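Hello,

I am passing this structure on to you, with some notes on what turned up in it. Please have a look first and then read on.

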Amino acid sequence: MRPLLFIILTVLFSIAFKSDNKQADQIIGDWISPKRDLIIHCYKENNLYYGKVVWFYKYYPTQPDDPNGVPEKQWVNSIVMNNFFFSDNEWSGGEIHNIKNGKKYDAYIQLINENSLKVTGYVFLRIFSETTMFSRYKELTLPAFN
């Protein structure tokens with residue numbers, strides 16, 4: 001009787017773990033900013049989630065780089081989302097990096113639906129926060145600007 005109970009509990013636990021893993025992996029893919037000027041690729045490594053810049057649009061070609069940030073020529077492939085883990089329907093425990101000014105913020109990320117991602121960065125407490133919505137980017141080509 002005990003071996004049967006053990007097998008049933010093991011199967012139920014593995015099913016629950018797999019569905020949680022599938023939900024956690026929904027963040028994986030490309031996400032574009034609201035201004036459509038930045039695409040972040042989210043990926044998983046060692047059960048943590050990261051994001052890197054894969055494309056950006058430079059509005060002002062003559063504007064100098066911020067001396068505190070990463071030079072624009074180095075933005076592509078810069079890691080801007082570090083060490084997030086999935087728990088309680090959100091990715092948290094990580095930080096986001098504003099490469100324009102070099103500042104880092106604690107953050108949490110929530111999936112609103114399969115195509116909308118809410119990223120909230122904060123300083124010290126979540127009540128001191130700023131939120132940005134990203135949309136899943138499914139196009140085969142990069143955005144064009146006029």
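Let me start with Asp25, which is partly exposed at a relative accessible area of 27% (buried means under 20%, exposed over 50%, partly exposed in between, with a 1.4 Å probe and protein chains only). Asp25 forms a salt bridge with Lys44, with 3.3 Å between the closest N and O atoms; the term means a side-chain nitrogen of Lys or Arg within 4 Å of a carboxyl oxygen of Asp or Glu. Asp25 sits in the loop between helix 1 (2–24) and strand 1 (29–32) and Lys44 in strand 2 (residues 38–45), so the pair ties together parts 19 residues apart in sequence. Helices (H or I, at least four residues) and strands (E, at least two) are DSSP runs, numbered from the N terminus.

A word on the source: this is a predicted model, where local features need pLDDT of at least 70 and side-chain atom pairs count only at pLDDT 80 or more, while totals for chains, interfaces and linings use all residues. Residues are numbered from 1 along each chain as its sequence is written, and side-chain values use heavy atoms, leaving out hydrogens and water.

The count comes to three salt bridges. Another of them joins Arg126 to Glu90, with the closest N and O atoms 2.7 Å apart. Glu90 is buried, at 12%, whereas Arg126 is partly exposed, at 37%.

Glu90 is also the bridge partner of Ser87, and five bridges join strand 4 to strand 5 (residues 90–98) in the antiparallel sense. Strands pair if DSSP finds at least two bridges between them.

Best wishes
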